[in-house]
Structure formats: structure tokens, C-alpha cells
Amino acid sequence: MPLPPDKILIVDDEFDISAILQLHLHDAGYLTEWASDGEQALQLLRSDGHALVLLDVRMPGISGMEVLKLLRTDNNDTAVIMMTAHGNENLVTECMKAGAVDYVPKPFDIEDLLLRIQRAIDNRRIAKEKQLLEREKEDFFFMLSHDLKNPITAVIGSIDIVRGGRLGPVRHEQADYLQSAIESCEEVVAIIDNLLDIQRYNAGMMQTISAPVNPFTLLAEVAERFSPAARRDNIALTLNASADLAEIYVDSSVMARVIANLVVNALKFTPDGGSITLSCRSVRRGELPGMHIPDYVVTPEGFYDFQRYACICVSDTGSGIPPKEIANIFERYVQASNLPRKRGGAGLGLAFCKKAVKGFGGCIWAKSVEESGSEFIILLPCPHNDLEYTGTVQETHS
Ligand SMILES: Nc1ncnc2c1ncn2[C@@H]1O[C@H](COP(=O)(O)OP(=O)(O)O)[C@@H](O)[C@H]1O
Ligand SMILES: [Mg+2]
């Protein structure tokens, strides 16, 4: 269906100019309306439906500039092109600042004016469509967090009650199935959380509360959380770190999710009988060149300004990642081509890790040998604590 013609309001106290303009605009396929002063223009613009206003700057009564300002205060975003015979550069700047999209000096070159009118109308249409899409995206994310995540969390709670035997005895095998159901639901919640947080980071609206955190404590908590899953899959989960490392400055719950994402991946891609190691060590600034941070890693501003860094690694003996694809797996929705079998997931975990680590002033990358295993390395500055690294190593096995 063809679009209805766009309606243009001409606001000019000079009848002759307006009449000529109306003729040209009709010929070009537009509908027109005429207002001879600002008062009448504001009245007409109260009813919606104008694609554009051609607004004379100098008029008796309310000036064009005042009309423009009143429109914008009223949240009316109709495209406005200013017209004047008395143009100067200051006036142009003032009009643009007040929200005009363009400016034409009288007398008009009609071809040029028609081009500018169509461009302004097209731009406004595109901006409106973008606004609409943005609103739909917000609605979608709201729906994800409320209408999807909340019921799944409730499902997890209910299954957990049954699995825990609070409603009657549960056989070992039944408990195992219920545990798998919980883990699948938790994976969906993790995907939603990753998606929402990537969106928040992109919009600059991710709220984190950073504080000095001992990386060993973080790793130990994550290792403990995943040791039952590792045991079930016959994978040795090892923590290899010193307890007296310098503190990193992070939001501990966000950072714990980063490490958990890496461990979940390691568990997913490591076969029976394999092993996963979580480790952390202190690194001095002088040692950074020896870390061989790959070129695809963009370090945040000021990254090299610290004396000391924590190097957190999650390594596994799993399927590995094809070398050409390593740089891409940190992008949203990217999964490597060598997935051993359909492993689910959405390709969002590492994208979240990258955003979060960058947000804490650090960087993340991966090393891998296909068929042998992968290692994910995080470097985070230790801005507060200058404790000497003692090199003592404490090991816990699952
Ligand atoms: N430890 C790992 N071993 C092998 N491949 C991995 C590992 N971690 C991540 N990958 C690859 O990177 C991809 C992206 O990971 P991620 O962003 O966490 O998404 P998802 O886990 O949802 O697939 C995975 O699909 C996989 O191809
Ligand atoms: Mg993942």
C-alpha cells in the first residue's frame, strides 16, 4: 500500500511567499497547510500529523525561534526547517541548538529546498523507526528478566524442595534427575543474566559495586560450587593458588560469575577423566610483556599503569578451540565450529566475561591446543594491596 502524502506546515506572515511555496510543494506531491503567525502555527501543530514545518524566523508576534522552542518544550519532535531572509551564522547555530534540522535562506532555490525537505522527512522517519525498535528491545529485555527469569527461578526452588526430600523420600536416581533439571534451568537463568548484563554494559548502565577482593577466596568459592558437578562427570577440579595474593578491585558477585562461566565451559568441553585447574598468581608490571597478550585483546585505558596484577587462569584438558576462532569466541553469539556434539548454550558467556573484566580494568584471552585443552587467562590490576607474593601454593582437590 502506498504511503499517504506527507503534510507540511508553512509558517510565514507573507502570503505571497507561502502561496508560491504551497504550489511547488503540491507539485512535488506533498499536502500543505499555512499558518500566518506563530500563534496559529502552535495551534495547528497541536494536532499531530505534520511531517515537517517550514518556519519563518521573523514574524510579528511570536517569533519563529520562540515557536521552535515552545514546540520542543512541548515534546513535539516534528522536523523543523527554518527560513529567513536575514540569515547569519549565529542565527543558524541558534536554530540548530534549539532543535531545527536545517536552515534555508530566502529567496529559495526551490530544487535545493525540495531536496532538504525530503532529506529531513526521511531522517525523521528513520529516527522514529529506531526509537520504536529501541522501545521494543527494552520491552523484550524487561520481558526476559520478569516474565521468563522469575518463573524459572520459581521452578528451580520447587524442584529443589522435592529433591531435598522435604515432601517425602526421594530415591538416589530420582534426586540425580531432579538435580539435572535444576542445572538445566540454571543454565537458562545464566544465559538470561549474561544477555541482560551485556545489554547493560553496552548501554553504560551496568551497576557494579567494587571493593578489594582476595582472588583466592573468589576462586575457592567457585571451585567449591562446581566440585559436585565435576565429581559427577569424573573430572578432577583443582584449585592451585596462594591464599595471600594481592587484592583485586572488583564486584565480587560479578567476578564470581565470570569465573563460573569459564568453569561451566570447561566442564562442558572436557570429557570424562579429564581435569580442570583454577589458578591464580601475582604478576609484576615488568612481567607483562612475557605474558604475550594477543593482538586481538584491547586493554582498557590505564591498564599498564599498575605495579602488580592478578593472573587468574581456568585451564582444562577438553576439546580445545580451533586457533583461527579463538579471537572470535569472545563476541556475542559466537560458538566454535568444533563443538563435540550439541552442547546447547547461546554463545554469550565469554562476551559477558570480556565486558565484565574490561569494566574492572583488566583483560581476558584464551590459549588452546585442539584436542588437548584450553586455558582462559584473566589479568586484573591490583590497585590497593602491595603484599609481596610469597609463592606458597595451596592445593585442594575435588
Ligand atoms: N573451555 C573451552 N573449551 C573448548 N571450547 C570452549 C571453551 N570455552 C568456550 N569455548 C568455545 O567458545 C564458545 C563460546 O563460549 P560461551 O561464550 O561461553 O558460549 P556458550 O557456552 O553458550 O557456547 C563455546 O561455544 C565453545 O565453542
Ligand atoms: Mg558458556
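## Helix packing, domains and ligand shell in a predicted model

Helices α2 and α3 are roughly parallel to each other, because their axes cross at an angle that falls under 35 degrees. The structure described here is a predicted model. In this model, α2 covers residues 38–46 and α3 covers residues 64–73, and their axes cross at roughly 25 degrees and come within 10 Å. The crossing of this pair is right-handed. On the α2 side the contact is formed by Gly-38, Ala-41, Leu-42 and Leu-45, and on the α3 side by Gly-64, Glu-66, Val-67, Leu-70 and Leu-71. Sorted by class, the residues of the contact of α2 with α3 are six nonpolar, two polar and one charged.

### Helix pairs that include α9

Helix α9 spans residues 349–359 and packs against α6, which runs over residues 172–202. The angle between α6 and α9 is about 40 degrees, and their axes lie 9 Å apart. These two helices are therefore oblique to each other. Their crossing is left-handed. From α6, the residues Asn-194, Asp-197, Ile-198 and Tyr-201 take part in the contact, and from α9 the residues Gly-349, Ala-351, Phe-352, Lys-355 and Gly-359. The contact of α6 with α9 holds four nonpolar, three polar and two charged residues.

Helix α9 also meets α8; the axes of this pair cross at roughly 145 degrees and come within 9 Å. The crossing of α8 and α9 is left-handed. Helix α8 brings Val-254, Val-258, Asn-261, Leu-262, Val-264 and Asn-265 to the contact, while α9 brings Gly-349, Phe-352, Cys-353, Ala-356 and Val-357. Eight nonpolar and three polar residues make up the contact of α8 with α9, and there are no charged residues.

| Helix pair | Crossing angle | Axis separation |
|---|---|---|
| α2 and α3 | roughly 25 degrees | within 10 Å |
| α6 and α9 | about 40 degrees | 9 Å |
| α8 and α9 | roughly 145 degrees | within 9 Å |

The shell around ligand 1 contains 21 residues, of which Asn-265, Gln-335, Ala-336, Gly-345 and Gly-349 come nearest. Both α8, residues 252–269, and α9 supply at least two residues of this shell. Helix α8 gives the most, with four residues. By class, the shell around ligand 1 has ten nonpolar, ten polar and one charged residues. Two of the nearest residues, Asn-265 and Gly-349, also belong to the contact between α8 and α9.

### Domains

The domain assignment divides the protein chain into domain 1 (7–108), domain 2 (132–202) and domain 3 (211–397). Between the C-alpha centres of domain 2 and domain 3 the distance is 24 Å. Seven residues of domain 2 and nine residues of domain 3 form the contact. The side of domain 2 that touches domain 3 has four nonpolar, one polar and two charged residues.

### Local backbone features

Two loops hold backbone features of note. Lys-106 and Pro-107 are joined by a cis peptide bond, with omega about -5 degrees. Pro-107 sits in the loop between β5 (102–105) and α5 (110–163). Asn-234 has a phi near 60 degrees, which is a positive value in a residue other than glycine. The loop that holds Asn-234 lies between α7 (215–232) and β7 (236–241).

Technical notes: Residues are numbered from 1 along each chain as its sequence is written. Chains are lettered from A and ligands numbered from 1 in the order in which they are written. This is a predicted model: local features need pLDDT of at least 70, side-chain atom pairs count only at pLDDT 80 or more; totals for chains, interfaces and linings use all residues. Axes are lines fitted to C-alpha atoms, for helices over the stretch in contact, and angles run from 0 to 180 degrees between N-to-C directions. Angles under 35 degrees count as roughly parallel, over 145 as roughly antiparallel, 65 to 115 as roughly perpendicular and the rest as oblique. A crossing is left-handed if the near helix is turned anticlockwise from the far one by less than a right angle, and right-handed if clockwise. Two residues are in contact if their C-beta atoms, placed from the backbone, lie within 7 Å. Ala, Val, Leu, Ile, Met, Phe, Trp, Tyr, Cys and Pro count as nonpolar, Asp, Glu, Lys and Arg as charged, and the others, Gly among them, as polar. A residue is near a molecule or strand if its C-beta atom, placed from the backbone, lies within 6 Å of it. Domain bounds come from an automatic or database domain assignment.
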